[in-house]
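I opened my notebook to look up pairs of charged side chains. Here is what I wrote down.

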Amino acid sequence: MYFLGIESSCDETAASVFTDEPKVLSSIVASQDRHHERFGGVVPEVAARAHLTQIIPVIREALKQAGIEVNQLGAIAVQNRPGLIGSLLIGVSVAKMLSVALKVPLFGVNHIEGHVFACQLSSGKPLFPCLALVVSGGHTLFLDCASSTKQVRIGDTRDDAAGEALDKAAAMLGLGFPGGPALDRIAAGGNPKAYDFPQGMNEQGNLDFSFSGLKTALLYTIRKLPAPLDEQTKADLAASYLDAVVKSLVRKSHWALKKTGHKRLAVGGGVAVNRTLRTRLEEMARKAGVELILAKPEWCTDNAAMAAVAVDHFREGHFSPADLDASPQ
Ligand code: KG4
Ligand code: ZN
């Protein structure tokens with residue numbers, strides 16, 4: 001049975017064809033970076049309009065690469081929450097239209113569940129039960145996962161998501177948009193101990209995150225330095241800032257593992273592409289005797305293959321109604 005997965009929650013227009021195994025046959029992602037670059041961030045209305053023009057070509061390409069025709073699809077899965085409402089509406093409308101026209105079931109799936117499921121897709125091994133850390137541009141949270149479809153949030157950010165904090169720091173350093181990958185690149189040539197940046201909500205056992213103090217600390221540090229910043233100073237600031245974000249993520253992952261007793265940690269979302277984070281999580285997991293399952297880099301950032309969590313919803317009989325809604329939450 002072939003599923004079509006659709007993702008349009010933020011600024012990536014994506015489609016994927018996967019089987020009910022699930023095996024991913026194609027995964028197409030059209031980035032909108034060039035649309036948002038000049039604004040220095042994602043503009044919701046621009047994102048929605050870009051989804052509108054990109055979505056049909058992206059679906060066509062996903063079908064073509066999978067080597068199937070549209071009438072061979074047996075189900076449609078769409079990530080209908082959370083996200084930017086205007087963006088979500090495009091994916092959800094197209095998914096509903098296809099489901100009605102092809103007379104196949106519709107599955108509205110949670111984007112966060114998808115980020116966790118990307119870890120199972122990546123490893124090909126059973127993942128659940130586990131602790132999951134989803135760390136992206138919109139989210140930084142811990143989930144206590146009994147299964148792919150039963151997850152309880154046990155920690156969240158009180159202000160910015162980690163990716164958002166990295167993007168804003170990159171903007172302060174004049175690195176352009178999207179900032180996370182650029183900050184990661186220059187941090188490689190910097191000294192992570194050059195500046196001592198604060199880690200928010202750092203009391204023992206606290207599973208919530210806060211990155212606003214860190215962001216303010218960077219701003220004040222930059223203001224005190226002679227302008228314009230030279231390349232080495234920028235690299236040192238980037239490395240020290242990234243170090244503070246990574247330390248917070250790794251330390252709290254350890255606390256969350258202890259609290260839940262899970263022996264498996266799944267990590268997904270765009271920030272999980274980061275090499276420093278991946279390496280430090282590996283060290284922590286090895287010392288703690290925990291199995292670490294990281295999503296493959298191409299399945300960390302937003303994509304539609306992760307909508308394959310719909311296969312489990314299908315098995316459990318969670319079909320979505322024809323009046324399926326989109327939700328920002
Ligand atoms: O999962 P994602 O594509 O979108 C959301 O659901 O938010 O994550 C995007 C985030 C952005 O904040 C981006 O800066 C960050 O992932 N990111 C990175 C790296 N690549 C992407 N952060 C740090 N290092 C990277 N290499
Ligand atoms: Zn995401």
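**Notes on salt bridges**

I started with Glu291 and Lys125, whose side chains form a salt bridge with an N to O distance of 3.2 Å. This is a predicted model. The pair joins distant parts of the chain, 166 residues apart. I found Glu291 in strand 10 (residues 291-294). Lys125 sits in the loop between helix 4 (111-123) and strand 6 (130-135).

Next I asked: is Glu291 buried, partly exposed or exposed? Glu291 has 31% relative accessibility, so it counts as partly exposed. Lys125 comes out at 43%, so it is partly exposed as well.

I then looked up Lys296. Its salt bridge partner is Glu298, and their closest N and O atoms are 3.8 Å apart. Lys296 counts as partly exposed because its relative accessibility is 32%. Glu298 has 48%, so it also counts as partly exposed. The cut-off for exposed is over 50%.

I checked each partner for accessibility. Arg315 is exposed at 53%, whereas Asp312 is buried at 14%.

Which residues are linked in a network of salt bridges? I noted Asp160, Glu164, Lys168 and Lys215.

Last, I looked up the total: how many salt bridges does the structure hold? The count is 12.

Definitions and conventions. Residues numbered from 1 in each chain as written. Chains lettered and ligands numbered in written order. Predicted model: local features only at pLDDT ≥ 70, side-chain atom pairs only at ≥ 80, totals over all residues. Heavy atoms only, no water. Salt bridge = Lys/Arg side-chain N within 4 Å of Asp/Glu carboxyl O. Helix = DSSP H or I, 4+ residues; strand = E, 2+ residues; numbered from the N terminus. Buried < 20%, exposed > 50% of the residue type's maximum accessible area, 1.4 Å probe, protein only.
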